[in-house]
Amino acid sequence: MQLLDKLAAQLEERRQQGLIRTRRTVESPCGPHLTVDGRDILAFCSNDYLGLAAHPAIVDALREGAARYGAGSGAAHLISGHSRAHAQLEERLAEFAGPYLVESRALYFCTGYMANLAVVTGLAAGDKDTEIFSESLNHASLIDGARLSRTALKVYPHADVEALDELLGTSTAANKIVVTDAVFSMDGDLAPLPELLALCEKHGAWLIVDDAHGFGTLGEHGRGALEHYNLRSPYIVYVGTLGKAAGVGGAFVAAHATVIETLIQRARPYIFTTAAPPALAHALLASLDIIAGPEGRERRLHLSRLVAKWHDGLRLSGWTALPSHTAIQPVVIGANEPTMRAAAALYGQGIWVGAIRPPTVPAGTARLRVTLSAAHSEGDVERLVRAVNALNVQMNAEERTTDGT
Ligand SMILES: *Cc1c(COP(=O)(O)O)cnc(C)c1O
């Protein structure tokens with residue numbers, strides 16, 4: 001039993017550091033109101049930013065896709081798993097991202113995690129003389145992609161364009177790859193993409209943009225961060241995920257056709273896995289229709305009104321609401337223990353907000369991570385604001401009492 005005892009001891013250590021993660025089992029579809037353990041819970045923790053995860057038209061499309069294509073794909077894309085639905089989706093996604101790329105083509109992946117492993121390893125692999133320049137707050141999947149590619153890696157400080165310029169300038173690598181989130185998942189701020197692209201063009205580097213939180217929500221047509229900034233370049237490799245704002249699952253890479261062909265030929269996370277069920281791709285066609293159409297625009301407008309309402313209502317002391325304009329709205333508390341206590345207190349009132357601790361965020365910046373969705377009502381956000389304000393007052397008072405001040 002020695003091996004198990006060792007694991008148990010490590011778990012116990014984690015528990016004592018307040019780092020144990022747990023799951024709650026949800027009985028209802030994803031939405032603002034969830035059923036958990038028979039209770040009605042108001043949730044502010046999903047990434048379903050446009051409220052499409054349970055949208056009737058998309059659910060119908062999923063059903064129709066299953067009737068037409070069955071439940072599973074049966075094989076990898078390069079064997080017999082690539083269906084008409086996947087092909088149609090890739091065409092639509094290439095068009096969707098087309099204005100911001102040159103000779104755009106798109107490739108659908110089972111998950112964003114795999115898409116990121118694929119782009120980073122795929123672009124790095126051709127050249128022994130490769131250096132990756134990674135933003136310090138990048139998502140774990142980009143970090144893992146860099147590790148898996150076994151190439152030289154430099155991390156530049158968050159949003160520090162000058163530091164990146166210097167690193168790129170002193171690099172002698174023939175193949176330079178800059179990798180960044182477009183919207184930072186734990187802070188909600190945007191990367192300075194125009195400046196990053198200018199640097200990439202100056203130094204002859206690729207720019208991999210992971211727009212997991214921007215696709216669907218940013219830009220007039222929901223095309224994401226590239227539309228928001230109106231950027232266009234053959235050196236951009238764009239990753240959008242389809243399980244967040246798009247409400248279904250999977251992800252895509254859109255880039256110059258030569259980049260996509262390279263990924264098909266040599267990206268192992270693409271080649272060595274069963275293709276996602278075609279019905280998902282079919283459902284995503286319906287999701288894209290909504291995102292690009294008037295309903296999508298209305299949902300984005302509603303979401304931005306909710307973001308404004310949240311900021312207008314907060315009255316915090318000691319806690320910091322980060323100045324994010326996106327659906328991701330963190331409240332930094334600092335230490336792990338009070339952050340967990342705050343999340344538990346909100347849950348006790350029937351409000352579910354994620355609590356994020358290190359190593360997901362830097363030590364000492366544990367936070368509540370509120371995510372807003374177009375499916376929330378103004379009343380939902382008012383209830384959240386009142387609860388967070390009151391909890392802040394209460395926890396500050398408790399701290400003064402225990403301090404004896
Ligand atoms: C969620 C997320 C991913 C992973 O996407 P999945 O489809 O959930 O695997 C990648 N990058 C960022 C920034 C994310 O937030």
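1. Ligand shell. Gly-112, Tyr-113, Asp-210, His-213 and Lys-244 come nearest to the ligand, out of 13 residues around it. A residue counts as near when one of its heavy atoms lies within 4 Å of the molecule or strand in question. Helix H5 (residues 112-125) gives the largest share of this shell, 3 residues. Helices (H or I, at least four residues) and strands (E, at least two) are DSSP runs, numbered from the N terminus.

2. Basis of the note. This is a predicted model, in which local features need pLDDT of at least 70 and side-chain atom pairs count only at pLDDT 80 or more, while totals for chains, interfaces and linings use all residues. Residues are numbered from 1 along each chain as its sequence is written, and side-chain values use heavy atoms, with hydrogens and water left out.

3. Lys-244 places a polar side-chain atom 2.5 Å from an oxygen atom of the ligand. Tyr-113 uses a polar backbone atom, 2.9 Å from a ligand oxygen. His-139 has a polar side-chain atom 3.4 Å from a nitrogen atom of the ligand. On its own the ligand has 380 Å² of accessible area, and the protein covers 82% of that. Accessible areas come from the Shrake-Rupley method with a 1.4 Å probe; for residues, only the protein chains shown count as cover.

4. Asn-47. This residue sits in the loop between strand E2 (39-44) and helix H2 (56-69). Asn-47 is partly exposed, at 23% relative accessible area. The classes are buried, under 20%; exposed, over 50%; and partly exposed in between (1.4 Å probe, protein chains only). Not counting residues up to four places away in sequence, Asn-47 touches His-213, Lys-244, Ala-245, Arg-369 and Thr-371. Contact here means heavy atoms within 4.5 Å. His-213 and Lys-244 are also among the residues that come nearest to the ligand.

5. Thr-371. Thr-371 is buried, with a relative accessible area of 1%. Its side chain reaches the backbone oxygen of Ser-46 at 2.6 Å. The side chain of Thr-371 also reaches the backbone nitrogen of Cys-45, at 3.4 Å. Leaving out residues up to four places away in sequence, Thr-371 touches a set that includes Phe-44, Tyr-49, Ala-327, Ile-328 and His-376.

6. Salt bridges. The count comes to 16. The rule asks for a side-chain nitrogen of Lys or Arg within 4 Å of a carboxyl oxygen of Asp or Glu. Side chains of opposite charge can pair when their charged atoms come close. Arg-105 and Glu-261 meet at 2.8 Å, N to O. Arg-105 lies in strand E3 (residues 104-109) and Glu-261 in helix H10 (residues 257-266), so this pair ties together parts that are 156 residues apart in sequence. Arg-105 is partly exposed at 32%, and Glu-261 is partly exposed at 33%.

7. Pairs within a helix. Glu-12 and Arg-15 form a salt bridge at 3.1 Å, N to O. They are 3 residues apart in helix H1, so about one helical turn separates them. Glu-12 is partly exposed at 33%; Arg-15 is partly exposed at 48%. In helix H13 (residues 294-313), Glu-295 and Arg-299 are 4 residues apart, about one turn of the helix. Their side chains meet at 3.0 Å, N to O. Elsewhere, Lys-309, Glu-378 and Glu-382 are linked in a network of salt bridges.

8. Ala-276. The loop between helix H11 (268-271) and helix H12 (278-292) holds Ala-276. Ala-276 is buried, at 7% relative accessible area. Beyond its neighbours within four places in sequence, Ala-276 is in contact with Ser-73, His-86, Tyr-108 and Cys-110.

9. Met-1 lies in the segment before helix H1 (2-16). Met-1 is exposed, at 73% relative accessible area. Together with Leu-4 and Leu-7, Met-1 forms a nonpolar surface patch of about 370 Å² accessible area. Patches are made of residues with over 30% relative accessible area and no salt bridge; like charges are joined within 9 Å, and nonpolar side chains (Val, Leu, Ile, Met, Phe, Trp, Tyr) within 5 Å.

Methods: A polar contact is a pair of N or O atoms within 3.5 Å; within protein, one must be able to donate a hydrogen and the other to accept it, and residues adjacent in sequence count only if both atoms are side-chain atoms.
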